[in-house]
Amino acid sequence: MNGVTELKGLQPSKSYRPSVMSRLKRDRWLYILLLPGLLYFLIFKYVPMWGVLLAFKNYQPYSGFIKSAWVGIDHFRLFFSNPEFYMLLRNTLLLSFYNLLFFFPAPIILALLLNEVRIMLFKRAVQTMIYVPHFISMVIVASMTYLFLTTNGGPVNELLFSYTGNKIEFLASPDWFRPIIILQTIWKECGWGTIIFLAALASVDVEQYEAAIMDGANRWRQMWHITLPSIRSTIIILLILRLGNVLENGFEQIYLLLNPLNRSVAEVFDTYVYFMGITQGAFSYSTAVGLFKSVVGVIFVVGANYLAKRFGQSGLY
Amino acid sequence: MAKTYRTVPGTVFDVSNYIFLTLFALAAVVPFIFIISGSFATDAEITKRAVFLIPKTFTLAAYEFIFSTSTVSKSIGVSIYITVVGTVINLFFTITMAYALARRSLMGRNVVLNMVIFTMLFSGGMIPTYLVIRELHLLDTYWALMLPGAISAFNLIIIKNFFQELPPGLEEAAKIDGCSEIGLLWRIALPLSMPVIATFTLFYAVGHWNDFFASLLYINDPTKWPLQVLLRQIVLLSQAAAGDLSMMDPDFVKPPDQSIKMAVIVVGTVPILCVYPFLQKHFAKGVLLGSVKG
Amino acid sequence: MHQSRKRMKRLTALLLTFVMSAAMLAACSGSGSSGGNSGNTNKNTEPPAASTNAPAETEKPLDPLKINIMLPIFKTNYPKDDSPVAAELEKLTNTDIHFEWVPNASYTDKFNITLASGKLPTIIYVPDVKSPSFVNAAKDGAFWEIGPYLKDYKNLSGANEVILNNSSVDGKNYGIYRGRNLARNGIYFRQDWLDQVGLPVPETIDDFYNMLKAFKEQDPDQNGKPDTYGMVLVKWTGQWASGFDVMKLWFGAPNKWGVKDGSLVPEFQTEEYMEALRFMKKLYDEKLINQDFAIMDSGIWTDPIVNNQAGVIVDVVDGAARVDDRIHAALAAEGKDQPDVHYMNVTGGVKGADGQLRVLPTSGFAGMLAIPKSAVKTEEELKRVLTFIDQLSEPELQTLLNFGIEGTHYTLEDDYIVRNTDTVLIESEVEGLNQMLTFIPQDMAKTVKQTPLRIKQTELMLENIQYIVGNPAEPFISQVYTEKGAQLDNIINDARIKFIVGQTDEAGFKAAVDLWLKSGGTDLVNEMNQLYAATK
């Protein structure tokens, strides 16, 4: 659809393909541009990569890497044989899934709605306001959630009580835990999440709208045929990348809301590793769990990318 | 936007849209207003009333306290320095690499892309990275806060994708006119991608401003602490974070007043909120404006 | 595309090369220890005004001992190396000190990183002596074993045996503990409410119950509304005693581990523990404690007392004075304060059915000061460092580090400290320096003028040392606990909270105990008993 077509695809025989040397020469400036970033990745990402091997050792900071004992897959064995493993997996996946289902579309919808606003002052004001929650630290958000929802004088329950004579233990109930997390995330990150979509929307060719109007398209059709497709590739990329983090849950948010009464739904891999770390000394074990999460993430990313390509989208590459 | 081309204002959709957006914006901003109000009140009032819009006991005591020593002011300076210089570094590294990788015909492109994506999923961890910083003698310098995060792979990929979607015709046309690669990048690709660049400038800047963990690890000299380190100290201290309560022998360490906590939050958030309006004009540019047909 | 397979191979080869070379690079830098500081090592002579140590052979004064000390900081301001207090300290101890302040919220991470980097300071504060990274480092020889040296020092020789035991690793002491009050826990309550309902200070569990009931039912704040309850209980964090852990001792339950027929038994397998649990449940059911205790934000848990909603907290007794101050401040804001009245009162606890008072102790220390071998290379230097730490326990140094310099940071009135109201000055020159005090053998600094409440608190804490019930397993480091401790604790913690709020019954609790046993609890009990038997 767009982008430069591969030369290789058009050439019928090898003799027309430019040689390696000539390609290097032709693109030499590109390689120069590539160099700083490449160096960055090598030095700061790949050199420390040996840390991944900590998952197979019993790493103690003082002893260092070499002297720490190899334990092979012991950490993994401990991890998978944990009787709560399935509960953790279920909680982690469900929370991630709900997040994808409810939170992921929210900034998109909000961006589209904002896009329809014609009074610039209003639009700018709203935009600035909805970014604010992103900057408020999670610790404060948790305090606010508590103040808001507590049965001990919190406004929501007071209202409920005056209308129905009952109070709901939002914070202590397993049933409310996931909705509260999702609502918190939406409140906190939805506004911020619109930025990237609004940027994409800003790149849409104005002429397309003009042509559509002339063809008699109303606003819904315009949105469906022009606006949405223009951000489609952004949405897909974000979705694929999000799937790479399928087992990530935002540790701090959950940790702050976690308590013995909702633990059955609230405890996820991240909090589990944290509590293990307190008794365990963290490194090796959390590296092992992190490795597990990464491997699962790779599977999802590759799978999602493949699917995207199958449906004719651009994917990661 | 194509504002003059839409149907007559005042439809049901528009009205509900405006109402909904107003409500959402208010829900987003009101808690922060409570925090601002709290920062101008006395601790006693906060204990009594928890949340309020207008403080009955208006006082600047919290702010006076915060700025009474140079610690906080200096840390704001540090944060600003790191944010500005750090973001420039980010943009340099990210844009050059993204542009290069956007060229599908580049040999070795996919290998590099795989490498990049790999780092999004696998990472060495805190201690190995720390050791690298140490070997490079960057400990206790600002570079340690700006280099390790120079490129976010996520940002890189998205910017690359945006570059990829620029019409190829542009590139050919410019080359015919004798433009170099770098010239292409600087004079054509960048201006056309301003909304995206502005977006990621904002993302990187906010990332620097909000970061505290890197400083905790790499910076030993307290005069080099950015604002967020101090902010977190105060907020966590008054939350009596689990386990740390044992460290807080009451007569040794008195938790700060709630109002001070709120004032610190305000001080830590307002500066970065001011950045957005400056970048706003770049977000709205209608870009291609018919530069290439077909 | 078959190209992708070739690319995969190339990519793998690339990656492998990088990982290998990175590993080599890292191996070289991994555990190298580049020395922390270079102290002066002279023979035997003392710095002036020090305690008796080795015999002085020459009278030549030593160069100041260079010390790097890593300590947590709790505020945003901190004393700089050249603060007048630090200067005074250096003068008195003949040292040249550089402070490495670390924000306390990240101290553990910083500690671990420092261990990994090999660049340790002269003295390093160790927050958790049971943490595997410290234990391992200690066993690896990272720190001097200072136990045998303590007897040579005037103050340090007065270290408490029990606390030394509690802070040991494998029976050896790898650092000097920072002493804290042992018998800190008790009850603090609104005395004015007690007077209002006409009850005396509770002595027995029944008295305690009646007090809570009266607080709930008899409108002690006299506002005509039934909006009060008895006690505030908070989200259990485990470490520092939460209300229930204090109260269970009143019923005769053991402190974490009890001894039955010569072997260790987990506390929740005792009948007394169950009795305590039932009592808590009763309090909850009758709404005598805050119904949202399981989730209440610990940052605001004293608010209900200040706001006239509750009257009692079971926690460290020195919290009473703090709450009292807050009540005064709140009332003063309304113009209704009575400065000479104490609204709060304290007691160490209530007696159980057998007439015995039992108090939950703390471990007696808050972390340790350890001396790394990489920074302090010779025994001579070690002794000088120990001399320094010993000196810090002298009364005038304790006063100096706690309060600052007389005239600048405080004035003396009748030998009591009156602090300068410029908190900023104090924070940037003094506050935080007391983190290096060990208070061994005890706190002998001058004190702030003691209000009757504060005096009572201090007396209470001293008096109650005789009533503490220790945890016999405190010094043990268990392998099973390291692997599964968090999980095991969760099982019991969750069960007891669920029991209290009524989500499960006694059978359910017993089932949880069985689950605990099955999930590794049995192994833990066995291991603990082995360790216990070894000490007898």
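Q: Where is A:Arg118 found?

A: A:Arg118 sits in the loop between α7 and α8 of chain A. A friendly word before going on: this is a predicted model.

Q: Why is A:Arg118 called buried?

A: Its relative accessible area is 17%, and buried means under 20%. The value falls under that cut-off, so A:Arg118 counts as buried.

Q: What makes the pair B:Asp14 and A:Arg118 a salt bridge?

A: The rule asks for a side-chain nitrogen of Lys or Arg within 4 Å of a carboxyl oxygen of Asp or Glu. Here the side chains of B:Asp14 and A:Arg118 meet at 2.4 Å, N to O. That distance is within 4 Å, so the pair qualifies as a salt bridge. Across the interface of chain B and chain A, the rule finds 2 salt bridges.

Q: Which helix of chain B gives the most to the side that touches chain A?

A: That is helix α1 of chain B, residues 12-39, with 15 residues. By class, this side of chain B has 69 nonpolar, 22 polar and 14 charged residues.

Q: How many residues of chain B are in contact with chain A, and what area is buried between the two chains?

A: 105 residues of chain B are in contact with 96 residues of chain A. Between them the two chains bury about 9300 Å², 72% of it on carbon and sulfur atoms. The count of residue pairs in polar contact between chain B and chain A is 13, with both residues at pLDDT 80 or more.

Q: Why is helix α7 of chain A described as largely enclosed by the rest of the structure?

A: Of the 11 residues of this helix (residues 105-115), 9 are buried, so α7 of chain A is largely enclosed by the rest of the structure. Among the buried residues are A:Pro107, A:Ile108, A:Leu110 and A:Asn115.

Q: What do the buried residues of α7(A) pack against?

A: Within chain A, they pack against α6 (85-103), α8 (120-135), α11 (174-202), α12 (206-214) and α13 (219-244). Helix α1 of chain B is also on the list.

Q: How many residues of chain C are in contact with chain A?

A: 42 residues of chain C are in contact with 37 residues of chain A. Chain C and chain A bury about 3600 Å² between them, with 63% of it on carbon and sulfur atoms.

Q: What makes A:Arg263 and C:Asp494 a salt bridge?

A: Their side chains meet at 2.7 Å, N to O. The cut-off is within 4 Å for a nitrogen of Lys or Arg and a carboxyl oxygen of Asp or Glu, so this pair meets the rule. The count between chain C and chain A is 1 salt bridge, and there are 6 residue pairs in polar contact, both residues at pLDDT 80 or more.

Q: Which elements of chain C give two or more residues to the side that touches chain A?

A: They are α1 (3-30), α3 (107-117), α4 (132-139) and α16 (479-501) of chain C. The largest share, 11 residues, comes from α16(C). The residues of this side divide into 23 nonpolar, 11 polar and 8 charged.

Q: Why is C:Asp261 called exposed?

A: The relative accessibility of C:Asp261 is 82%, and exposed means over 50%, so the residue counts as exposed. C:Asp261 is found in the loop between β7 (257-260) and β8 (263-266) of chain C. Its phi is near 50°, a positive value in a residue other than glycine.

Q: Is C:Phe439 buried or exposed, and how do you know?

A: C:Phe439 has a relative accessible area of 8%. Buried means under 20%, so C:Phe439 is buried. Its place is in the loop between α14 and α15 of chain C, and it has a positive phi of about 55° although it is not a glycine.

Q: What kind of peptide bond joins C:Ile440 and C:Pro441?

A: A cis peptide bond joins them, with omega about 0°. C:Pro441 is found in the loop between α14 (423-429) and α15 (452-463) of chain C.

How values were computed: Residues are numbered from 1 along each chain as its sequence is written. Chains are lettered from A and ligands numbered from 1 in the order in which they are written. This is a predicted model: local features need pLDDT of at least 70, side-chain atom pairs count only at pLDDT 80 or more; totals for chains, interfaces and linings use all residues. Side-chain values use heavy atoms; hydrogens and water are left out. Contact means heavy atoms within 4.5 Å. Buried area is the accessible area (1.4 Å probe) that two parts lose on being put together, summed over both. A polar contact is a pair of N or O atoms within 3.5 Å; within protein, one must be able to donate a hydrogen and the other to accept it, and residues adjacent in sequence count only if both atoms are side-chain atoms. Helices (H or I, at least four residues) and strands (E, at least two) are DSSP runs, numbered from the N terminus. Ala, Val, Leu, Ile, Met, Phe, Trp, Tyr, Cys and Pro count as nonpolar, Asp, Glu, Lys and Arg as charged, and the others, Gly among them, as polar. Buried means under 20% relative accessible area, exposed over 50%, partly exposed in between (1.4 Å probe, protein chains only).
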